[in-house]
Amino acid sequence: MKLASLRHGRDGRLVVVSDDLARYVDAGLVAPTLQAALDDWNRVAPLLQALSADLENGVEPGMPFDETAAAAPLPRAYQWADGSAYVNHVALVRQARGAELPESFWHDPLVYQGGSDHFLGPCDSIHLFDEDWGCDMEAEVVVVTGDVPQGVNREDALGFVRLVGLVNDVSLRNLIPAELAKGFGFYQSKPASALSPVFATPEALGERWRDGKLHGVLKVDLNGAPFGRAEPHVDMTFDFGTLIAHLAKTRALGTGTIIGSGTVSNRDADGGPGRPVADGGKGYSCIAEIRMVETIRQGKPRTTFLRYGDRVRISMDDELGRPIFGVIDQEICR
């Protein structure tokens, strides 16, 4: 089952979307919003699943689904916690700075709590006040949980995953160092993130969702050219079960919590830093990583951060070449 929110008020209007994302049916009689559905999931999910089956079987003809009319599936959420499940990404940043990677990073996940009061829709522009802030995209996988009890273990934690999707976790790289130097974490350097048009249940993903990881190729295009083709299940140090258990160590998580994987990052086949797609590699899911690789190999970065007019596209295709979650398609605007 695939769910989306059309633009309507603050929290959108819940719709069920066909597997090929061509059509949708309104779910308002079952639940007005996705958060309302999550709050009553055990009762509502079977009803939504029945709508989905009717849509797939032609019982419900549905209406054409237009991703540009979609808000974020959860336009605002009770919690947004972003991890750093790909230690390869952190290791490259440290290596480029000449800093040692603490051993704890391999068994103790990094997590920060971001702003969840406003998520951008998949086709919303990224409004940037100053190019010198170093705007960057970060292509990631996200899950949405139900109520997670404190102290849950990794295996049980996976049972609380309700939905899976993608996010562009926008970062203002040049503001990060000064903020982190204060010792109190991100704030100004982490503006609103954009969610994929559609979230899917784990069951709808079949074998693509297993062992707490999303299997496939995460496509990142910059200005129409392939920039990243990383595989989220590869080099993922901490699966989502581990991330959820880590977050719930000292407190319960409320229904509708969104958890990010952190920037998807793959090493090259020889174990070294990844190569650009144009050079036969899997590329990168953010500009910061290619800049780190350039620094390591050439002594300084050459790739610039995003500029006005740049366009970023993030998606993952199924076996037929159709986007599973729709496409995040954003332009950088003044």
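Okay, let's start with a definition: two strands pair if DSSP finds at least two bridges between them. The strands themselves (E, at least two residues), like the helices (H or I, at least four), are DSSP runs numbered from the N terminus.

Quick housekeeping: this is a predicted model, where local features need pLDDT of at least 70, side-chain atom pairs count only at pLDDT 80 or more, and totals for chains, interfaces and linings use all residues. Residues are numbered from 1 along each chain as its sequence is written, and side-chain values use heavy atoms, with hydrogens and water left out.

So, strand 10, residues 139-145. With strand 11, residues 161-168, strand 10 pairs in the antiparallel sense over seven bridges, and Val-144 sits opposite Leu-163 there. Strand 10 is also joined to strand 19, residues 257-260, by three bridges, again antiparallel; in that pairing Val-142 faces Gly-260.

How many of strand 10's residues are buried? Seven of seven, where buried means under 20% relative accessible area, exposed is over 50%, and partly exposed is in between, with a 1.4 Å probe and protein chains only. In a regular strand the side chains alternate between the two faces of the sheet. Here Ala-139, Val-141, Val-143 and Thr-145 are on one side, Glu-140, Val-142 and Val-144 on the other, and both faces are covered.

Asp-169 counts as buried because its relative accessibility is 0%. Its side chain makes a polar contact of 3.3 Å with that of Tyr-112. By polar contact I mean a pair of N or O atoms within 3.5 Å; within protein, one must be able to donate a hydrogen and the other to accept it, and residues adjacent in sequence count only if both atoms are side-chain atoms. Skipping residues up to four places away in sequence, Asp-169 also touches Trp-80, Asp-82 and Lys-190, among others, a contact being heavy atoms within 4.5 Å.

Next, the cores. A nonpolar core is a set of buried Ala, Val, Leu, Ile, Met, Phe, Trp, Tyr and Cys residues joined through side-chain atoms within 4.5 Å. The largest one has 62 residues, and Val-164, Leu-166, Leu-214 and Phe-325 have the most contacts inside it. Which element gives the largest share of this core? Helix 8, residues 287-298, with five residues. Apart from that core lies another, of 30 residues, including Leu-14 and Phe-199.

On to the open sheet: five strands, order 8-21-20-17-18, mixed pairing. Strand 8 (126-127) and strand 18 (225-230) are at the edges with a single partner strand each, so one side of each has no neighbour in the sheet. Strand 8 runs parallel to strand 21, residues 328-333, and two bridges join them. His-127 is opposite Cys-333 in that pair.

Which brings us to cysteines. A disulfide is a covalent bond between the sulfur atoms of two cysteines. The rule used here is a pair of cysteine sulfur atoms within 2.5 Å, and the count comes to zero. For Cys-123, the nearest cysteine sulfur is that of Cys-333, 12 Å away. Cys-123, by the way, counts as partly exposed because its relative accessibility is 28%.
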